[in-house]
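Please read them with the structure open beside you.

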Amino acid sequence: MGGHGGLNILPQKKWNVYNRDNRAKVERDEALLKKVQEKRKRAEVSANLNQVVGQLKGNEGKKEGKKEKKLYSKYHMHVEENREFLKAKKEIEREEKLEKRKLVKTFHSESKGDSLNLFAKEEADLKFKTKEKEEKQRMNAMFDSSIGELMKKRQN
């Protein structure tokens, strides 16, 4: 009748690898790791380019000789890459926590009244955009009026 029987409780587990949230975390971490790797590669290319330019200019012995070059194994490079990745991940998590706190504060400040406004952030963004738009229009009007005055002076 029901197939294999038993209960399918896997979707309810937090550690489920097929859970939508867990897949999103993995995708975000992979994208972050890719950015860190690209940054490291750009730094390597830049360092190599600077070394070649220094050799071509004949300055390599003067500047590069003072600083000892550290030759890292693949393990050390991986450790540095991992440190950068973890640092970037902590920064993202900190930003997410701040965003959640702002939303909670907005929610609590708005819920003190009779009604609850779930779109407080959107309304604030809209107010900011309209103020910005009005400021642009005011600046354009001032610019147009100053151009008009200049044109009248030239005609006279």
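1. Is Arg138 buried, partly exposed or exposed, and with what relative accessible area? Bear in mind that this is a predicted model; in it, Arg138 is partly exposed, with a relative accessible area of 43%.

2. The side chain of Arg138 meets that of Glu135 in a salt bridge, at 2.6 Å from N to O. Both residues belong to helix H4 and are three residues apart, about one turn of the helix, and Glu135 likewise counts as partly exposed, at 37% relative accessibility.

3. The count of salt bridges comes to five, and one of them joins Arg28 to Glu96, whose closest N and O atoms are 3.2 Å apart. Because Arg28 lies in helix H1 (residues 20-57) and Glu96 in helix H3 (residues 74-111), this pair ties together parts that are 68 residues apart in sequence. Arg28 is partly exposed at 31% relative accessible area, and Glu96 is partly exposed at 33%.

4. Asp29 and Lys89 also form a salt bridge through their side chains, with an N to O distance of 3.2 Å. This pair links distant parts of the chain, since Asp29 sits in helix H1 and Lys89 in helix H3, 60 residues apart. Asp29 is buried, with a relative accessible area of 18%, which falls under the 20% cut-off for that class, whereas Lys89 counts as partly exposed at 23%.

5. Ile147 is placed in helix H4 (residues 120-155) and is partly exposed, with a relative accessible area of 34%.

Note on methods:
Residues numbered from 1 in each chain as written. Predicted model: local features only at pLDDT ≥ 70, side-chain atom pairs only at ≥ 80, totals over all residues. Heavy atoms only, no water. Helix = DSSP H or I, 4+ residues; strand = E, 2+ residues; numbered from the N terminus. Buried < 20%, exposed > 50% of the residue type's maximum accessible area, 1.4 Å probe, protein only. Salt bridge = Lys/Arg side-chain N within 4 Å of Asp/Glu carboxyl O.
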